[in-house]
Structures are given as C-alpha cells and as structure tokens.
Amino acid sequence: FTPPYPPYDPTDKSGFSYDTVVRRWPVILTSVVDALHKTCHNLSLQLDLGDQANNDHVKRRIEEGKGIIEKVSKLKFDLNSPRKIPDDGEASVAVYNTELQGLADDNRNTWFTAPWLFAECYLYRLLRSYFVQTEHWRSYDPFYDQKMKTFQQSGKSIFHIAKTMHEIGVSEKDVQSDPENLRVLFSEMIQMCLWGNATDLSLLTHMSQADIHQLQSVGKESHAARKKFILRDDEETVWNYIRTLKDSRLDFILDNSGFELFTDLVFADFLITYTPYVSKVVFHPKLIPWFVSDVTPPDFRDTFATLSDASFFPLSTTELQVENEYLQEMVSRWKKYLDTGVFSLSVPVGTPLGGSTSSQPAEFWTTSRPYWDMETEAPETFSQLKGSDLVIFKGDLNFRKLTGDVQWPAWTPFSDAIGPLAGSFPLLSLRTNKADVVVGVSKETAEELDASATCLATSPVTTQEEVHHKVLILGGGVTGVIAAR
Ligand code: F6P
Ligand code: MG
C-alpha cells in the first residue's frame with residue numbers, strides 16, 4: 001500500500017522526530033551505557049581470587065560489556081549514515097538492510113533524513129545486535145532496571161485499582177443484572193487502559209515523578225477531568241460491538257511494561273471475569289528490548305512475581321494491608337488464568353511462558369514495517385490475528401505503525417489511514433499521543449489544537465521541549481475502532 005503523503009522525518013526541525021534525534025536518543029543511549037557500567041561494576045565486585053574458573057568467566061563478561069559500551073558510545077556521536085545491521089542470527093536483519101539500501105538509493109539514509117519510524121526501529125534493532133553478538137550478554141535487557149524502578153513507583157495507583165476490582169467482585173450480581181452498570185464499568189476500564197499508556201519511559205527523559213503520578217491517577221473524577229483531552233473517542237462503538245460477542249477471543253498487541261501492562265491485565269480480567277463476552281485473551285510482547293519500556297517475555301513473567309511480593313512497592317505498609325489482600329486476590333486469579341490458558345502470551349516455544357507458536361508472528365512487532373502490509377509481509381502474524389474477535393493495539397508506536405507514520409491530514413478517517421488493514425479483523429487503537437501523526441479528528445478540532453499549540457510556543461516560560469511535551473502528552477488520547485468484520 002502506498003499512502004498519498006510522505007513519512008515524518010527530522011528534516012522538519014519543528015517536528016517531534018527532530019527533537020527525538022538530537023535530544024532524546026542521546027539520553028536513551030546514555031542510559032544504556034549507565035546500565036552497562038553499573039552491571040560491569042557489580043560484576044567486578046564478584047571477582048573472587050580463589051575461584052579461577054569463575055573469575056575467568058566474569059572477566060570475559062566484563063570485557064564484552066566494555067566492548068558494548070564502546071559501540072553504544074560511538075553510536076551516540078555518530079551522526080552519519082547508519083550502517084547495515086550485521087548478520088547476528090536474529091530476526092529481521094534482511095528486512096532492515098533492504099529498507100536501508102532503498103533509502104541509500106534515494107539519498108535519505110542518514111539519521112537526519114531517514115523516515116523517523118524506520119530510523120527509530122532500526123536504532124533499537126541495531127542496539128540489540130551489539131548484545132546478541134556476545135557470549136555473555138545475549139539475554140541482557142539494558143532497560144530492565146528502569147522499567148522495574150518506575151513500576152515500583154506506581155504502587156498507589158495499583159492498590160487503588162485492585163480495590164476497585166475487589167468491589168466489583170463483591171457487587172457482581174448487581175453489576176451483571178443491569179447492562180447499564182456493565183457499560184459504566186466498561187467505560188472506567190477502557191479509560192484506565194488508555195491512560196495507562198501515558199507512562200512511557202522513552203518519554204520520561206523530561207517528566208517528573210509528580211507528572212507520572214498525575215497521569216496514573218484513576219477514578220471517576222480524574223477520568224472526567226481528562227475527557228476534554230480525548231480527541232477521538234469511539235468507546236460507544238467498541239462497547240456496542242463487544243456486547244455482540246460471546247466467549248470470544250481478544251488480542252492485546254502490548255506496549256509498555258509496568259503500570260501500562262498492569263492496566264491491560266486489569267481490563268482483560270474485567271472482560272473475562274465480569275462479562276459473558278470474552279473468554280480468552282492473547283497478549284503479544286516484543287521479543288527484544290524495545291523503545292525502552294516495551295513488554296518483553298521476561299517482563300511479562302516477572303510482573304506476576306513482582307505483584308505477588310508485598311515488599312515490592314514501598315507503599316505496602318500496614319495501612320495498605322487490606323488493599324494488598326485485594327491485589328493478591330486479583331493476581332492469584334490472573335495466575336490461574338495463565339495456568340488454564342485463559343490468558344496466554346504469544347511467544348515461540350522455549351521463551352519464558354512460551355506457547356506453541358513459531359517465532360515468526362512475534363518477530364513482526366520489532367520490524368519497522370507499517371501494519372497495512374501485514375498480510376503480505378507477515379502472513380503468519382496476519383492469520384494469527386484473523387482468529388481474533390478484537391485486536392487491541394496499545395500505545396503510540398502501534399498507532400504510528402497502523403497509520404504508517406505519514407503526514408495524513410488529521411481529519412483523515414482512521415479507516416483510510418490504516419489502508420488495507422481496514423476490514424481485515426476488528427481492531428481498536430488505544431493511544432495517548434506522543435508523536436506527530438494524528439488521524440480521525442475533525443478539521444475544526446485540529447485547527448483549534450494547532451492554534452493553542454502556537455500559543456504555548458509563544459508563552460515565555462516554555463522551551464521547545466516543553467511545547468512538545470505539553471502538546472503531545474496532554475494533547476489527548478485517541479481511541480479509534482473498526483469493529484465491523
Ligand atoms: O521516540 C518517541 C517515541 O518513539 C514516540 O513517539 C513513540 O511512538 C513513543 O516513543 C513510544 O510510545 P509508546 O510506548 O506509547 O508506544
Ligand atoms: Mg512503548
């Protein structure tokens with residue numbers, strides 16, 4: 001599918017991609033170097049002169065770690081053309097290198113001229129190759145500690161949501177006796193799941209702890225207050241569609257680990273436990289560390305262990321004992337769902353919590369390819385999703401891939417912007433806006449927003465970064481759906 005508009009790229013210095021290349025990537029790469037330094041330092045403390053075999057092993061690991069640090073540091077200052085990804089034995093090398101060659105033929109193969117979507121995905125895949133080519137760092141996730149640390153700071157919201165779920169359970173009969181009750185709860189749940197996407201570590205290069213907390217605050221008032229930030233809301237269409245289902249299968253194309261994944265699990269749990277419409281949920285993670293905070297299979301697995309550990313959240317003091325019981329009640333139900341296949345993770349055999357699929361369907365999520373060509377470029381992924389009654393694409397990057405990250409006018413209908421994917425399977429995008437591409441918004445709203453963005457840009461205290469931050473983060477969430485088969 002060839003869209004009628006060009007992709008976003010950093011040649012436009014007022015766009016978010018330019019800001020990303022010059023400012024955000026260096027911060028992210030520095031965080032990778034810091035994580036490696038820390039791990040190498042901790043390893044050096046383990047050197048025990050008595051155990052020669054162990055020492056040799058640790059020393060080799062440290063040496064390799066230093067090699068990766070050198071490569072990442074070089075990358076940070078390399079503003080020339082990206083090189084081919086080496087044949088490291090992992091997925092999608094040819095996909096990336098062919099696209100890179102196409103860009104080179106077109107003289108657009110530098111960090112500052114390549115399409116943003118391609119360049120950014122390429123960067124994370126290239127990073128991965130540095131680790132894969134070693135002996136001792138193949139399963140190392142340089143973002144793991146960051147993900148865990150931020151998750152740990154989400155305790156307050158997590159306990160609050162666990163309490164809400166417990167209360168729904170207590171009044172289960174009332175809830176189910178009146179469809180209106182279910183609709184209201186559905187609304188709370190989908191909003192929670194949408195706003196869960198606002199906590200994203202690749203953007204936390206300039207967000208304070210208070211900002212995070214604000215974004216995670218849950219409950220009727222905060223949702224009502226945020227309503228005005230929702231640019232496109234197809235919630236009613238989604239609900240009317242879900243109500244036609246019976247014992248159906250939902251798929252989540254996951255985005256971020258930590259709080260967002262928690263909200264995905266809660267939403268899935270709600271639909272399974274308290275409605276007759278859904279009986280199975282398949283979660284799709286990334287197989288490699290991706291865009292800092294995305295869910296990998298180990299993240300998914302560790303989420304359950306973490307939530308079961310009462311000491312993980314610094315807040316779990318005695319006052320929160322009851323809330324913690326509610327949390328444990330919910331997490332035990334999730335574990336049961338995992339054991340019985342009600343919840344499953346779509347990963348190749350052999351991965352933690354691995355299922356029965358081959359690796360191909362999951363590999364597609366870490367290419368840079370737009371989703372409109374999924375049927376031809378990733379037939380296994382496509383046919384897997386064809387079996388779903390609703391595919392929920394979480395987050396900003398999935399939205400960019402759904403729309404190809406091209407410069408659609410904001411009032412382009414969502415169903416046009418996703419090209420041939422429209423009509424393939426029922427799909428829903430739950431996205432808080434962190435990039436330039438926007439579709440499905442009325443012309444009037446788009447113009448109003450552009451005007452207020454100009455206002456922000458001219459106000460005295462705002463730096464260019466803050467403008468992006470405010471407009472893109474607070475600029476609203478989008479829910480778009482095509483719920484017809
Ligand atoms: O580099 C910025 C950014 O890549 C977004 O523009 C991108 O889509 C986002 O980070 C990740 O957001 P999310 O986790 O919601 O996909
Ligand atoms: Mg993400």
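I take a helix axis to be a line fitted to the C-alpha atoms over the stretch in contact, with angles running from 0 to 180 degrees between N-to-C directions.

**Entry 1: α6 and α12.** Working in a predicted model, I looked up how helix α6 (residues 155–170) lies against helix α12 (residues 259–274), and found that their axes come within 11 Å and cross at roughly 0 degrees. Angles under 35 degrees count as roughly parallel, and α6 and α12 are therefore roughly parallel to each other. I then listed the residues that meet, which are Ser157, Ile158, Ile161, Met165 and Ile168 on the α6 side and Phe259, Phe262, Val266 and Tyr274 on the α12 side. Sorting this contact by class, I have 8 nonpolar residues, 1 polar residue and no charged ones.

**Entry 2: α13 and α14.** I next turned to helix α13 (residues 297–308) and helix α14 (residues 321–339), whose axes come within 9 Å and cross at roughly 150 degrees. That angle makes α13 roughly antiparallel to α14, and I noted the crossing of the two as left-handed. From α13 the contact draws on Phe304, Leu307 and Ser308, while α14 supplies Leu327, Gln328, Val331, Trp334 and Lys335.

**Entry 3: the whole chain.** Stepping back, I recorded 21 helices and 7 strands in the protein chain, and I noted that 42% of its 485 residues count as buried. For contacts with a separation of 6 or more, I found that 79% are accounted for by residues 24 or more positions apart.

How values were computed
Residues numbered from 1 in each chain as written. Chains lettered and ligands numbered in written order. Predicted model: local features only at pLDDT ≥ 70, side-chain atom pairs only at ≥ 80, totals over all residues. Helix = DSSP H or I, 4+ residues; strand = E, 2+ residues; numbered from the N terminus. Buried ≥ 20, exposed ≤ 12 C-beta atoms within 10 Å, placed from the backbone. Contact = placed C-beta atoms within 7 Å. Parallel < 35°, antiparallel > 145°, perpendicular 65-115°, else oblique. Left-handed = near helix turned anticlockwise from the far one by under 90°. Nonpolar A, V, L, I, M, F, W, Y, C, P; charged D, E, K, R; others polar.
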